[in-house]
Amino acid sequence: MEQQFLPAVYTGFVYPNETVFPWGVLIVVYPYLTGLVAGAFTVSSLYQVFGLRQLRPVAHLALITSLCCMIFVPSPLLLHLGHAERAFNAVFTPHWSSAMAMFGYFAGFYIILLLLETWFVFRPYMVEQATLRKDWLGKVYNIFCLGSHDVSEKALAADKKWIFALAIIGIPSAHGLHGYVGFIFGSLKSREWWSSDLMPLIFLFSAIISGVALLIVIYIVSCKLRRVPVDVACVKGMGYTLWGFVMFTLLLEGVEFGSLTYKGREGIDMILLFVTTRLVIPFFVLQFTIGAVVPILILSFMFWHGTTGRRLVTGILLSALLVLFNVIMMRFNVVIGGQEIAKTGKGLLYFPWEIFGREGVLAAAGVLTAPFVLLSLLVRLLPPWHDEIDPDHATA
Amino acid sequence: MDDRKLLEHKVARRSVLGGLAASLAAGVAATADTLAPKVAQAATAPAEVPSIPGYDWSKHAWAYGVDATKCIGCLRCVEACKAENDVARDPHHFRTWVERYVEIEGEETARIDSQADPVNIAASSSEGTYRFADRYKDEKVHKAFFVPKLCNHCTHPACVQVCPTGATFKTDDGVVVIDHTYCIGCQYCVQACPYGARFFNAELQVTDKCTWCYHRITKGLQPACVEVCPVEARIFGDRNDKNSAISKFIADNRVTVLRPETGNAPNVFYVGLDKEVI
Amino acid sequence: MLIATGVCTMPKHIRRLLLLIAAFAVLAVATRFILVDKSFYQFGHYRGAAVAEIAHDKPKYQGTEFCRSCHAAPYAAWSTGVHNRPLIGKTVKCEVCHGAGGGRDAEQDYVNATTGPIHPANLKLTVPRDTRAVCTLCHERIVGRPVQQAQVIPRDHAADEQCTLCHNPHSPRTFVGATLALEHRGSIAVGKLKSEACAGCHGADGVSAGLPGPTLAGQDEAYLVNALRAYKTGKRDNPMMSPMVADMSDDELVDVAAYFSSLKCTLAPVAQERVAAAQTSGASVCTSCHGFNGAGALHIAPHLAGQSKDYLAEALRSYASGARPHPVMTALGKTLSEQALDNVATFYAGATCN
């Protein structure tokens with residue numbers, strides 16, 4: 001029988017069973033995707049709940065971005081599972097002592113919430129299309145309207161209440177959906193690199209920055225594709241949000257790493273060796289410096305200087321791209337890096353990269369691009385654009 | 001409201017109420033279903049036991065002992081376990097394994113090798129047979145010994161705690177096992193075990209680990225590794241029986257466990273560990 | 001009934017939405033009930049039926065009593081041998097070397113025909129051929145092995161030979177003779193006729209006064225046959241003996257051996273006081289193969305009692321120097337100092353032979 005696994009090469013001593021990595025790039029992509037969901041929803045909520053008016057242009061875009069990502073959130077997990085057909089075992093008989101048992105319920109609840117929120121937000125549009133269109137698409141819209149074309153004041157008022165309620169419920173739900181992932185890693189006793197009380201917070205905040213950064217990129221790209229001027233105030237609002245959250249995320253990650261090295265528990269020698277040799281580039285250079293410090297510097301500089309217009313938008317776009325890179329590096333350094341440090345505390349493994357196959361890079365890349373393919377289709381069916389620029393707002 | 005609308009409302013009300021009531025009832029039933037066996041067990045005196053012919057799990061409390069001072073590193077246990085339990089015949093999946101610790105003069109930490117070490121793999125004649133290579137013969141070795149390892153069947157198993165489905169569990173007689181028909185293969189338990197005792201069974205696509213040969217011990221036999229060990233470095237028995245090999249082993253020796261700081265409370269008791277053993 | 005009122009007055013689309021959600025919830029719960037095994041939660045948060053399923057598998061290792069009924073002889077040898085000493089906690093059971101009685105194991109490099117699940121029905125258990133690979137698993141001297149475990153450096157102990165050349169694997173301190181037992185005995189009368197040429201070096205009546213040839217009278221017959229055959233095949237090389245046997249047929253070798261073996265040996269002329277002095281020298285290591293007092297030895301090792309002292313000394317020197325290669329004697333010869341060598345030779349020369 002040909003090998004169905006890739007054994008890892010290692011140095012020092014590792015337990016024999018450790019030479020096969022349990023979690024691969026799919027488990028790097030999964031928290032990244034849920035992070036995008038939580039982050040995008042946060043942007044949507046900043047408008048819906050916290051009333052940041054300048055984010056109106058992206059509020060609905062954020063919502064359906066969150067939905068598109070959420071639809072694909074289970075896919076890396078299903079691809080990874082030995083028996084995906086039994087996946088619902090965790091929903092039917094959830095073992096509540098396990099953080100992972102939360103997944104079925106958090107994810108299930110959240111996907112329903114997003115669907116409902118989207119439905120309420122786009123209902124007027126769907127009603128309009130159902131009434132105007134005479135083709136099969138019109139019939140589809142009609143089905144989604146649940147046969148009611150009521151867009152009276154009363155109905156819209158009721159919808160508004162629902163939207164608000166869902167947005168409020170959605171914030172802790174999103175944070176639960178992503179926070180539990182951090183808890184899955186942080187609560188383990190077996191790996192010193194993962195074991196930290198700060199892990200849920202770190203995952204959560206890096207999720208938020210990834211979502212905000214994603215929205216910045218998607219908004220600007222979509223404006224360019226639609227040949228529509230960019231609302232600078234909106235981008236600036238997201239830029240401020242990004243700036244604040246990135247600083248806090250960097251602080252959390254720094255404290256976690258500092259605390260780990262300060263405590264110096266058993267196994268710290270190997271961690272320090274790993275971090276000062278193999279992890280220098282992925283961790284210090286890529287994740288921390290290029291992915292966090294540089295965007296903070298760019299944003300700080302621009303805000304301090306009062307940069308406006310095109311320059312501001314370009315600077316924020318660049319920062320957003322770097323932050324997206326930071327978050328994927330963070331997921332990678334945690335998930336893969338953690339497994340490269342052996343449980344023995346006396347060995348280091350080399351992650352065996354796979355290109356093809358279920359756990360390969362191509363599959364992971366596919367999972368990551370799928371939500372955006374869906375998004376590009378969904379924005380045609382449910383256009384989220386609000387291009388009426390406030391006359392006070394600059395454009396770029 | 002006119003009559004038609006009123007009727008529509010009544011119908012809608014009933015159907016919504018009906019739907020809500022149904023789901024509520026179902027929810028209550030689900031909870032009852034979960035609680036009922038627990039209530040039933042508490043209420044009725046003779047508790048149910050799994051239908052294993054000639055075996056009552058409530059009468060046994062299994063435990064395991066390892067005398068690392070006796071182990072000669074012959075690895076018959078490793079091969080016997082693989083034969084008995086159909087474990088993959090490659091050097092990356094083990095239900096039990098043996099580690100060698102060699103302390104060389106002038107070095108602070110011991111050199112450790114096991115069956116996945118490339119030098120030992122090269123010394124074995126095939127992927128499915130194992131031996132320790134004749135190493136370090138030219139070094140100034142001041143201490144060297146073997147330590148057999150296996151699943152510790154902890155009293156507070158981290159692996160059972162993290163299983164999202166309930167596929168892995170601890171039996172009433174103290175053995176942690178995996179239900180291979182229920183496991184979804186997420187491998188969270190593999191991550192959670194601090195001892196590296198669990199692995200992914202690529203053939204069955206579920207996780208796997210030592211079961212103390214549950215299919216043997218419930219028939220009065222010893223686990224395969226204990227059966228074949230020629231020097232009695234591995235001991236197994238019932239702690240409920242004060243005269244069993246394991247009860248005597250624990251009573252007559254100062255026993256220790258691996259990584260007690262995890263709080264998992266392992267049930268494999270060691271004699272002859274060293275500060276270097278991880 | 002506030003809920004009912006609320007539901008009544010809410011817009012149609014929301015009412016329908018709630019209905020949809022409720023229907024979905026019912027469906028979800030119903031699916032759960034259908035799909036989850038009834039034995040779940042029976043004993044805890046797991047499928048109760050799984051316990052019996054896991055316990056159900058058939059054991060593969062059967063234990064030593066399983067082997068006894070058909071393999072009485074090896075079992076008897078084993079039970080009285082050093083591989084069966086439960087009192088000191090050392091037991092090498094049958095299945096350790098031969099594989100699981102109830103299992104198929106095609107992975108070993110043993111001769112193995114596996115067509116059925118259980119031995120003996122269609123299943124031949126492994127009979128290790130490369131005993132060096134098997135025995136050394138426990139008995140090779142490697143770093144880490146406790147000193148109380150008997151261990152050797154294989155190359156020094158037995159060169160390239162198989163362990164079973166000397167050791168009965170079931171009872172290793174019982175040495176092998178059976179493999180060298182003679183298939184047929186030769187004719188003494190014929191041998192006498194053929195051996196006239198031998199007297200020149202080996203003495204009249206097979207008692208040599210000194211070199212070059214050893215005393216042959218009363219020597220172990222199988223040993224003589226094997227020695228002659230060794231000269232013929234070239235396994236042993238000697239400028240005198242090799243040409244002598246080159247023209248002899250195997251039957252003639254066997255006859256000659258039979259003749260010499262039948263002769264009575266006499267004590268070699270050795271000063272008795274030297275014998276007494278020599279007795280305490282390291283002759284103890286020799287007894288396991290050469291027998292107590294150098295007589296009654298195994299077929300692979302010749303009787304030494306009453307052998308010419310000069311011959312013995314010369315033989316030991318040629319072992320030590322490598323001129324006469326031998327898997328066991330070479331190493332042993334090297335451990336002897338000149339004085340010890342002399343003592344050993346004297347001792348055996350003066351020992352009573354039968």
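Close-up 1. Ile281(A) is found in helix α11 of chain A, helices being DSSP runs of H or I with at least four residues and strands runs of E with at least two, both numbered from the N terminus. This is a predicted model, in which local features need pLDDT of at least 70 and side-chain atom pairs count only at pLDDT 80 or more, while totals for chains, interfaces and linings use all residues. Residues are numbered from 1 along each chain as its sequence is written, chains are lettered from A and ligands numbered from 1 in the order in which they are written, and side-chain values use heavy atoms, with hydrogens and water left out. Ile281(A) is exposed, with a relative accessible area of 54% (exposed means over 50%, buried under 20% and partly exposed in between, with a 1.4 Å probe and protein chains only). Together with Val285(A), Ile290(A) and Phe325(A), Ile281(A) makes a nonpolar surface patch of about 300 Å², for which residues need over 30% relative accessible area and no salt bridge, and nonpolar side chains are joined within 5 Å. Helix α11, residues 280-305, gives the most to this patch, with 3 residues.

**Close-up 2. The interface of chain A and chain B.** The contact (heavy atoms within 4.5 Å) takes 43 residues from chain A and 54 residues from chain B. About 3,900 Å² is buried between these chains, of which carbon and sulfur atoms give 53%; buried area is the accessible area, with a 1.4 Å probe, that two parts lose on being put together, summed over both. In chain A, Phe13(A), Tyr15(A) and Asn17(A) lose the most area to chain B, together 17% of what that side buries.

**Close-up 3. The salt bridge between Glu276(B) and Lys346(A).** The closest N and O atoms of Glu276(B) and Lys346(A) are 3.6 Å apart, and the count between chain A and chain B is 1 salt bridge (a side-chain nitrogen of Lys or Arg within 4 Å of a carboxyl oxygen of Asp or Glu).

**Close-up 4. The interface of chain B and chain C.** Here 77 residues of chain B are in contact with 56 residues of chain C, and the area buried between the two chains is about 5,500 Å², with 62% given by carbon and sulfur atoms. The count of salt bridges between chain B and chain C is 4; in one of them, the side chains of Arg131(B) and Glu140(C) meet at 3.4 Å, N to O. The largest share of the side of chain B that touches chain C, 18 residues, comes from α1(B).

Terms used. Patches are made of residues with over 30% relative accessible area and no salt bridge: like charges are joined within 9 Å, nonpolar side chains (Val, Leu, Ile, Met, Phe, Trp, Tyr) within 5 Å. Accessible areas come from the Shrake-Rupley method with a 1.4 Å probe; for residues, only the protein chains shown count as cover.
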